[in-house]
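Open the model in your viewer and have the selection tool ready. We will go from one stop to the next, picking residues as we go.

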Amino acid sequence: MSKIDANKQKKRDSLLNASFDFFMTKGLEKTSISDIIEKAGVAKGTFYLYFKDKYDIRNKLVIHKSAQLFSSAYEALQKSDIELIQDKIIFVVDHIIEELADNKALLTFLHKDLTWGIFRRVLDPHSPFAEEIDVAGIYKKLLEQSGVVFVKPDIMLFMIIELAGATSYSAIVDGIPCGIEELKPYLYRSIRDIIDAHIE
């Protein structure tokens with residue numbers, strides 16, 4: 001990365017971090033662009049180089065945070081000796097659930113977006129964060145390394161994300177139908193069934 005690119009990334013990251021802090025403390029509606037640029041220490045024009053408005057930065061922040069969760073889980077997976085693809089996918093899901101359970105502020109921020117809609121954008125190779133975290137490439141690599149042929153791996157991922165996202169939020173925040181630890185064995189059994197159903 002060139003010095004110019006590094007400087008651009010630093011400014012964008014400052015804007016993302018500042019906006020996240022304000023969205024968590026003041027909420028989206030009460031946060032102004034002036035708040036964000038002042039905390040980030042950049043000019044107003046710099047904000048508009050990267051984002052259209054505060055709703056755009058919020059959407060990109062959701063993508064960024066979601067990609068970071070996946071990347072963190074994948075890094076942890078790389079340090080393990082797990083071999084089976086079913087176990088690898090469940091490890092990644094479990095890691096993300098644990099991070100969200102430990103950071104309820106982040107879970108609250110992301111909860112409406114813990115669906116295929118957001119992960120479709122995270123998986124997009126044209127995502128603004130694809131150069132930093134190639135989630136689509138990581139997922140493809142996991143499947144290829146498994147030595148297993150999958151039928152419709154995009155549908156498999158869709159079903160896993162929708163199931164895990166909806167049930168985990170309810171279990172972590174509301175304890176419905178039970179706490180997350182009690183739910184996990186049932187959730188992971190269902191994920192195994194989904195994976196097995198997509199093996200050719």
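Eight salt bridges are found in this structure, which is a predicted model. Start by selecting Arg 192 and Asp 87. Their side chains form a salt bridge, with N and O 2.7 Å apart. This pair connects distant parts of the chain: Arg 192 belongs to helix 10 (residues 180-197) and Asp 87 to helix 5 (residues 85-102), 105 residues apart. Arg 192 is partly exposed at 33% relative accessibility. Asp 87 is partly exposed too, with a relative accessible area of 26%.

Now select Lys 184 and Asp 94. They make a salt bridge, and the closest N and O atoms are 2.8 Å apart. Lys 184 is in helix 10 and Asp 94 in helix 5, so this pair ties together parts 90 residues apart in sequence. Is Lys 184 buried or exposed? With a relative accessible area of 8%, Lys 184 is buried, because buried means under 20%. Asp 94 is partly exposed at 24%.

Next come the rings. The structure has five aromatic pairs. Select Phe 20 and Phe 109. Their ring centres are 5.4 Å apart and their planes stand at 85°, so the pair is edge-to-face. Phe 20 sits in helix 1 (residues 3-25) and Phe 109 in helix 6 (residues 104-110), so the pair ties together parts 89 residues apart in sequence. Phe 20 is buried at 14% relative accessibility, and Phe 109 is buried at 8%.

Then show Lys 65, which lies over the face of Phe 20, 4.2 Å from the ring centre.

For another ring group, select Phe 47, Tyr 48, Tyr 50 and Phe 51. Ring pairs link them into a cluster.

Last stop: Ser 168, in helix 9 (residues 153-174). Ser 168 is buried at 6% relative accessibility. Its side chain reaches the backbone oxygen of Ala 164 at 2.6 Å. Leaving aside residues up to four places away in sequence, Ser 168 touches Ile 97, Ile 180 and Leu 187.

How values were computed
Residues are numbered from 1 along each chain as its sequence is written. This is a predicted model: local features need pLDDT of at least 70, side-chain atom pairs count only at pLDDT 80 or more; totals for chains, interfaces and linings use all residues. Side-chain values use heavy atoms; hydrogens and water are left out. Helices (H or I, at least four residues) and strands (E, at least two) are DSSP runs, numbered from the N terminus. Buried means under 20% relative accessible area, exposed over 50%, partly exposed in between (1.4 Å probe, protein chains only). A polar contact is a pair of N or O atoms within 3.5 Å; within protein, one must be able to donate a hydrogen and the other to accept it, and residues adjacent in sequence count only if both atoms are side-chain atoms. Contact means heavy atoms within 4.5 Å. Rings of Phe, Tyr and Trp (its six-membered ring) pair if their centres lie within 6.5 Å; planes under 30 degrees apart count as stacked, over 60 as edge-to-face and the rest as tilted. A charge sits over a ring if NZ of Lys or CZ of Arg is within 6 Å of the ring centre and within 35 degrees of the ring normal. A salt bridge is a side-chain nitrogen of Lys or Arg within 4 Å of a carboxyl oxygen of Asp or Glu.
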